[in-house]
Amino acid sequence: MTHNPWIWISAILTLGIFSFLYKENPFYRICEHLFIGIANGYSITFTWHRILMPTLIDPVSHGHRLWLIIFAIIGALYFTRFIPKISWLVRIPIAVVMGYGAGASIPRGIDASIVEQVRATVVTKSTFASVYNGIWALVILIGVLATISYFFFSRERKGILKPLSYTGIIFIMVGFGASFGYTVMARISLLIGRLTFLLRDWLGIIH
Amino acid sequence: MSFWEKLSKIDRRFIYFTLFLAVTIPLIFPFNLRPKPMPPVQKLYNYIDTISQDKTLVVSVDYTPDTEPELHPMSIALLRHAFARHIKVGVLTLQLLGLGLAQDALATVTHEFNSRAQTNSDSIIYGRDYVFWGWQTPVLVPILGMGENIVGVFPVDYYGNRTDTLPIMKHLKNYNDVAILVSISGSAIPFYYITYAQTSFGLKIGAGSTAVQAADFYPYLNSGQVTGMMSGMKGGAEYEEMVASKLGVPGRRKATEAMSSQTVSHIWIMILIIFGNIGYFALRRRKK
């Protein structure tokens, strides 16, 4: 068993979080609040020292890039939320962020998530250069068409739409199954990580 | 009360306990497993393996301590691969709590290499072979900004040095000097890299994702927007295996060590699911 006090603290906090598996309790609450408090404190301190100081305060205090003051003032308007009389000013930085975000993301988002995905779904002659790849490309094409047809609600499911949408359900269920399998794998991995820490670093049972 | 009725009323804490045993016993008494690399991991490895000396591998450590067991082995395996191949590395994080993890991965791997180094050229030296830029926010600023000028986005590195004074930065101006950027994340950050860096600058993107997210990345892998990827702890174990077997790089392989435990627990969960379903249908038939 280790004599390192930090590992002891870490192990006790891990057990505190695990205690939730039995039932909600004050020990778990303390650990949870401690984590949130430390994470926020760390975030504020680091943002001040490593972001605001080198990129804003240092250059401006030396008389360089004085135009940054305008953006600092716009950013500081977020704090007007705390003053009811002028709280409407918070709309200015929100508008700037939303405008920038929408302008930057809409054209690129369409390109990355729609145009490129449609291009990858299109089956051409060259897709069958390898039979294996060709078969999978066809499966993807059928899966995409069938799944989209399942979400086509403006017409009754009759004719070709009926078998196609049922096929879509199969693809959706396979997708859910894959996601669930991956989720199990992820959660078990995290449990393994914590138990390895307890058994190896804290108790020294495994090497 | 029948067997299936008893089973349906079992205390969930009993299931937790059996799962605890299924994870713990193989950790204490592991059996030998060698993960076979899957094509997405193989693609990522092959691409990184052929990076030329004038290009840089950028590793974006975009995860936080809650996903550390799954993702940290990936960072360590990537760094081992790059340093063994003498590929220059730039490290950053877009998650504040990722700073400590990135620092830990770099410290672990540089210590491994430097403890075996015979000469100066064998050593892994900060500023010459790698740089740790640190953290920048919000995510769009560094992702788009690095396409123009990396020093502009990170005027100082994690340690407080001016980045324009570091030798590695002389030939690392923007994405044109980057061979591939691998974003290891338990969040949507790789999507940001795909949407902004890949679409706008044509940067090659690799992804290391938690298993929960892996299914979301396959369409991007299929379209070629993601060059290769590692998914979950198994993905990390596969990359570790390739680095160890192909390059002979020693070092602790945390993801590979966990594979026996993961295998047993998966089998146990499958048994529980099968029993649960049989019980459900048996009880439903009885009610009818």
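A crossing of two helices is left-handed if the near helix is turned anticlockwise from the far one by less than a right angle, and right-handed if clockwise. Keep that in mind for two of the stops below.

This is a predicted model, in which local features need pLDDT of at least 70 and side-chain atom pairs count only at pLDDT 80 or more, while totals for chains, interfaces and linings use all residues. Residues are numbered from 1 along each chain as its sequence is written, and chains are lettered from A and ligands numbered from 1 in the order in which they are written.

**Stop 1: chain B as a whole.** Select chain B, and you will find twelve helices and six strands (DSSP runs numbered from the N terminus: H or I of at least four residues for helices, E of at least two for strands). Its C-alpha trace spans about 75 × 40 × 30 Å along the principal axes. Of its 288 residues, 47% are buried, meaning that 20 or more other C-beta atoms, placed from the backbone, lie within 10 Å of the residue's own.

**Stop 2: the domains of chain B.** Colour 1-30 + 261-288 as domain 1 and 34-257 as domain 2; these bounds come from an automatic or database domain assignment. Taken over C-alpha atoms, the two domain centres are 39 Å apart.

**Stop 3: H4(B) and H10(B).** Now select residues 68-84 and 232-247 of chain B: these helices pack at about 25 degrees with axes 8 Å apart. Axes are lines fitted to C-alpha atoms, for helices over the stretch in contact, and angles run from 0 to 180 degrees between N-to-C directions. The angle therefore makes H4(B) roughly parallel to H10(B), a term for angles under 35 degrees. The crossing is left-handed. Show side chains, and among the residues that meet are Pro73(B), Met74(B) and Ala77(B) of H4(B) and Tyr239(B) and Val243(B) of H10(B); contact requires C-beta atoms, placed from the backbone, within 7 Å.

**Stop 4: where chain A touches chain B.** This contact takes 39 residues from chain A and 41 residues from chain B. On chain A, select H2 (26-61), H4 (91-121) and H6 (161-202), each supplying at least two residues. The largest share, 17 residues, comes from H6(A).

**Stop 5: H1(A) against H6(A).** H1(A) passes H6(A) in a left-handed crossing. Ile7(A), Ala11(A) and Thr14(A) make the contact from H1(A), with partners including Phe197(A), Leu198(A) and Trp202(A) on H6(A).

Terms used: Buried ≥ 20, exposed ≤ 12 C-beta atoms within 10 Å, placed from the backbone. Contact = placed C-beta atoms within 7 Å. Parallel < 35°, antiparallel > 145°, perpendicular 65-115°, else oblique.
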